[in-house]
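Here is a short briefing to read alongside the model. Take a moment with the fold, then follow the points below.

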Amino acid sequence: MTLTVVVAYAAPDTEAIVQLRVEDGATVEDAVAASGLRERLALPAAIAYAIHGQAATAATPLAAGDRVEITRPLAVDAKAVRRARAAGHPLTRTRKAKR
C-alpha cells in the first residue's frame, strides 16, 4: 500500500512543496529523500522536521495525508529578545491609593 504525503520547505526567498507517494511504513527521512528537496535547495545536513507543525524526528513513521515540514533553525531566540527588551524598560512599582 502507498501513502500520499507532502514535503514542504519555506525560507524568506524560497518555497517548495512536493506531493509524493511513499510505501506504507515510510519515515520522515524517506519522504524527504524521495522529494529531492535537500539536494535541490542545498539544505544543510543538520535539519529538523515537523509534521503538521508538530516536531518530528527523521525516524517518525508517516500516515496518509501527512505534511512533512523541513524546518530552519530560529534566527533569534524569542525569549532572549523579550528579556533584553524588558531590561531596557523596567516596570515601575506603583503604590495603591489610600482610601
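His-52 is partly exposed, because its relative accessible area of 46% falls between the 20% and 50% cut-offs. In this predicted model, His-52 sits in the loop between β3 and β4. The residue also has a positive phi of about 50°, although it is not a glycine.

**Backbone and loops**
- Most residues other than glycine have a negative phi.
- Ala-42 is another non-glycine residue with a positive phi, again of about 50°.
- The loop that holds Ala-42 runs between α2 (37-40) and β3.
- Ala-42 counts as exposed because its relative accessible area is 65%, with the cut-off at over 50%.

**The sheet**
- An open sheet is built from 5 strands, in the order β2-β1-β5-β3-β4, with mixed pairing.
- At the edges are β2 (14-23) and β4 (54-56), each of which pairs on one side only.
- From one strand to the next, the twist averages 30°.
- β3 (residues 48-51) pairs with β4 in the antiparallel sense over 3 bridges.
- Within this part of the sheet, Tyr-49 stands opposite Ala-56 in β4.

**Helix α1**
- Helix α1 packs on the sheet and touches β1 (2-11), β2, β3, β4 and β5 (67-71).
- The direction of α1 makes about 115° with that of β2.
- Ala-34 belongs to α1, which covers residues 28-35.
- With a relative accessible area of 53%, Ala-34 is exposed.
- Ala-34 and Glu-15 are separated by 19 residues in sequence and by 17 Å in space, C-alpha to C-alpha.

Note on methods
Residues are numbered from 1 along each chain as its sequence is written. This is a predicted model: local features need pLDDT of at least 70, side-chain atom pairs count only at pLDDT 80 or more; totals for chains, interfaces and linings use all residues. Side-chain values use heavy atoms; hydrogens and water are left out. Helices (H or I, at least four residues) and strands (E, at least two) are DSSP runs, numbered from the N terminus. Buried means under 20% relative accessible area, exposed over 50%, partly exposed in between (1.4 Å probe, protein chains only). Two strands pair if DSSP finds at least two bridges between them. Axes are lines fitted to C-alpha atoms, for helices over the stretch in contact, and angles run from 0 to 180 degrees between N-to-C directions. Contact means heavy atoms within 4.5 Å.
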